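Subject: Structure for your files

Hello,

Here is the structure I said I would pass on. My notes follow below it.

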Amino acid sequence: MGEKRHLQAGLSDEKVLEMYKMMLLARRIDERMWLLNRSGKIPFVVSCQGQEAAQVGAAFALDREKDYVLPYYRDLGVVLAFGMTAKDLMLSAFAKAEDPNSGGRQMPGHFGQKKHRIVTGSSPVTTQVPHAVGIALAAKMEGKDLVSFVTFGEGSSNQGDFHEGANFAGVHKLPVILMCENNQYAISIPIEKQLACEKVSERAIGYGMPGITVDGNDPIEVYRAVKEAADRGRRGEGPSLIETVSYRLTPHSSDDDDSTYRSSAEVSEAKKKDSIVTFGAYLNEIGILDDKLEKQINDELMTIVNEATDYAEQAPYADGETAMKFVYEDSFQKD
C-alpha cells in the first residue's frame, strides 16, 4: 500500500473519497452536456474537463458555509462543491425558467446562486476579479471572518481587471485568493505566446503578495495551497496568487475546432495526466478505492446525471412576458 499523502495535508480518507466523487460528478455532467449539444438539444458547452482536480481541491480548502466564490465559466467543480446540483446545471444548459443562475437568460457557465455565495459572472473575461476584491474589502471593513475566492484562466491574467484587482488587494491587504487555472490555451493561443514570464505566479511579487505554482492535476496539492492562502487571509496577512497548471482536454467550447491549433497527439499525451485517472489510481493504490466501489460510485453519479437531464429537458421555458424582468425599473416595482 502506498503513502497516504492526503493525511499530511490534513485530509481524511473520507474527505479525499468525497473529493474524487465530486470531481467525477463534474466530469460526468460535462460529458453529458457535450452529448446533448452534439444531438442538438442544448446550444452551447464550455468545458471543465482536465481542470476538475484544481477546482474541487480548491473548493474543499475553503469554508463552504461562509466564504464567497467568484468562479469563471469552466468551474463546474467549484460550484458543485459549494452547493449547486446537477439539476441546477442542467436547467442552465437547457435555458429553462427554473435555472437558478439566471432563469435561462444567460449562457451556461455564468454561475450564480446567492444562497451558496456563488457570485455571478459575465461574458467579458476577468471582470470577476475586481468584484472578488470588493467583497474582500467589504469583509475587512465589516470585520467578517471570510475570504473571497476567484478563478480565471491564464489568458485572463493579461487583462487589466486582473492587474487592477491584484494591486488594490495587495495595497489594502485584503482576504482574497486569486487562483489562475492555467490550462495552457487562451482559446487558440498557447501559453508561450501569452506570457513573457515563465509562470503566472511570478506576477505576484509586483503586487506584494505570495505567488505559488502547483500541479493542477493533483487535488491534494491544490488543497494545501488554497488552505494556506485562506489561513493567511483570515489572519489579516492579505491576498495570495495561486497558479494551477493542468491541460484543457476539450476544445475551448462546443463552437471551437481545436484541431486547427493543436495536434491530437498533444491532447492524447495530456490525457495520461488526467486527474480523474491519476487521482483514482492514487486512491486505489492506498486502498481507499477498488473496482467494486468505483463502479458503485459511477452508477450512483450516472443516476444523478440522468435524472437531472430528464428533469431539465422536460421543464418549462420562461414565459415571454418575463423577458424584461430585472432589466427595467418597473419590473422591480411590480415584484
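Leaving aside its neighbours within four places in sequence, which residues is Arg-232 in contact with? They are Pro-210, Glu-237, Gly-238, Pro-239 and Ser-240, where contact means heavy atoms within 4.5 Å. Arg-232 is found in helix 8; helices (H or I, at least four residues) and strands (E, at least two) are DSSP runs, numbered from the N terminus. Arg-232 has 15% relative accessibility and therefore counts as buried. Buried means under 20% relative accessible area, exposed over 50%, and partly exposed in between (1.4 Å probe, protein chains only).

Two points on how to read the rest. This is a predicted model, in which local features need pLDDT of at least 70 and side-chain atom pairs count only at pLDDT 80 or more, while totals for chains, interfaces and linings use all residues. Residues are numbered from 1 along each chain as its sequence is written, and side-chain values use heavy atoms, with hydrogens and water left out.

Cores

The largest nonpolar core has 68 residues, and Ile-29, Val-226 and Leu-283 touch the most other members. A nonpolar core is a set of buried Ala, Val, Leu, Ile, Met, Phe, Trp, Tyr and Cys residues joined through side-chain atoms within 4.5 Å. Among the elements that each supply at least two residues of this core are helix 2 (13–38), strand 3 (176–182), helix 8 (219–234) and helix 11 (291–314). Helix 2 gives the most, with 13 residues. Beyond its neighbours within four places in sequence, Ile-29 is in contact with Leu-76, Leu-80, Ala-86, Leu-89, Met-90 and Val-305. A second, separate core of 22 residues includes Ala-132, Ile-135, Phe-152 and Tyr-207.

Helix 6

The buried residues of helix 6 are Gln-128, Val-129, Ala-132, Val-133, Ile-135, Ala-136 and Ala-139. Seen down the helix axis, they fall within an arc of 155 degrees, so they line one face of helix 6; the arc is that of the directions from the helix axis to the C-beta atoms. What covers them includes strand 1 (68–70), strand 2 (148–153), helix 7 (160–171) and strand 3. On the other side of helix 6, Met-141 and Glu-142 are exposed. Gly-143 follows helix 6 and has a positive phi, near 70 degrees.

Aromatic rings

The structure holds seven aromatic pairs. Rings of Phe, Tyr and Trp (its six-membered ring) pair if their centres lie within 6.5 Å; planes under 30 degrees apart count as stacked, over 60 as edge-to-face and the rest as tilted.

- Tyr-72 and Tyr-73 have ring centres 5.0 Å apart and planes at 35 degrees, so this pair is tilted. Tyr-72 counts as buried at 6% relative accessibility, and Tyr-73 as partly exposed at 25%.
- Tyr-185 and Tyr-247 have ring centres 6.2 Å apart and planes at 85 degrees, so this pair is edge-to-face. The pair links distant parts of the chain, 62 residues apart: Tyr-185 is in strand 4 (residues 185–186) and Tyr-247 in the loop between strand 7 (240–245) and helix 9 (264–271). Tyr-185 and Tyr-247 are both buried.
- Tyr-20, Phe-279 and Tyr-282 are linked into a cluster by ring pairs.

Two charged side chains sit over rings, meaning that NZ of Lys or CZ of Arg is within 6 Å of the ring centre and within 35 degrees of the ring normal. The charged end of Arg-262 is over the ring of Tyr-185, 5.4 Å from its centre. Lys-87 lies over the face of Tyr-311, at 4.1 Å from the ring centre.

Regards
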